[in-house]
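Please look over the sequence and the model shown below.

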Amino acid sequence: IMDFVMCVFVVAYFSLQVIYARRKYSVSPPSTSGPPEFERVFRAQANCSEYFPIFIIILWVSGLFFSQGLSALCGLLYLYGRYQYFRGYAKSAHGRLAPLYFSAKVLWVLIGLSALGILGSMCRFYLDLDLKQLASSVLDLTEEEGGGL
């Protein structure tokens, strides 16, 4: 829930930056074109807004099916990456690339965690097989074997 609230604040912050840029560069709504400085701020906000529904869904699924703590950490990293993306894009088009790649990697990690969590739930429900318990027992056997040598 903390990540969701932070997400709302980040989206609001980006929207406010567009309002400030409209005033600074005299670009009245509904126009979306103006000086390159305005267009970069506008595009950064639009790009972030396009990905937030995907992010929120994947964050919730990952938290419900895999791990709330790990999902929350990934969520904070994603929001940090998007904030850096916004700042970088507002300065120059090239400034958005490194944060874009970072936030995309974090999003893929969340997708992977979601998939593992859903797979684990399906195995428990349909196959009566607890993958976490199985992995734990395999790791315990490995530790015992290593400790006995």
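## Basis of the values

This is a predicted model, in which local features need pLDDT of at least 70 and side-chain atom pairs count only at pLDDT 80 or more, while totals for chains, interfaces and linings use all residues. Residues are numbered from 1 along each chain as its sequence is written, and side-chain values use heavy atoms, with hydrogens and water left out.

## Charged residues

A salt bridge is a side-chain nitrogen of Lys or Arg within 4 Å of a carboxyl oxygen of Asp or Glu. By this rule the count is one salt bridge. Glutamate 50 pairs with arginine 43, and their closest N and O atoms are 3.4 Å apart. Glutamate 50 is partly exposed at 47%, and arginine 43 is partly exposed at 32%.

Aspartate 3 lies in helix 1 (residues 2-25); helices are DSSP runs of H or I with at least four residues, numbered from the N terminus. Aspartate 3 is buried but has no salt bridge, and the nearest side chain of opposite charge, arginine 82, is 14 Å away. For charge, Lys and Arg count as positive and Asp and Glu as negative, with His and the chain ends not counted. Contact means heavy atoms within 4.5 Å. Not counting residues up to four places away in sequence, aspartate 3 touches Leu59, Ser71, Ala72, Gly75, Leu76 and Leu79.

## Helix 2 and helix 4

The axes of helix 2 (residues 36-65) and helix 4 (residues 97-127) come within 8 Å and cross at roughly 40 degrees. Axes are lines fitted to C-alpha atoms, for helices over the stretch in contact, with angles from 0 to 180 degrees between N-to-C directions. Helix 2 and helix 4 are therefore oblique to each other; angles under 35 degrees count as roughly parallel, over 145 as roughly antiparallel, 65 to 115 as roughly perpendicular and the rest as oblique. Residues making the contact include Tyr51 and Phe55 of helix 2 and Leu107 and Gly117 of helix 4.

Methods. Helix = DSSP H or I, 4+ residues; strand = E, 2+ residues; numbered from the N terminus. Buried < 20%, exposed > 50% of the residue type's maximum accessible area, 1.4 Å probe, protein only.
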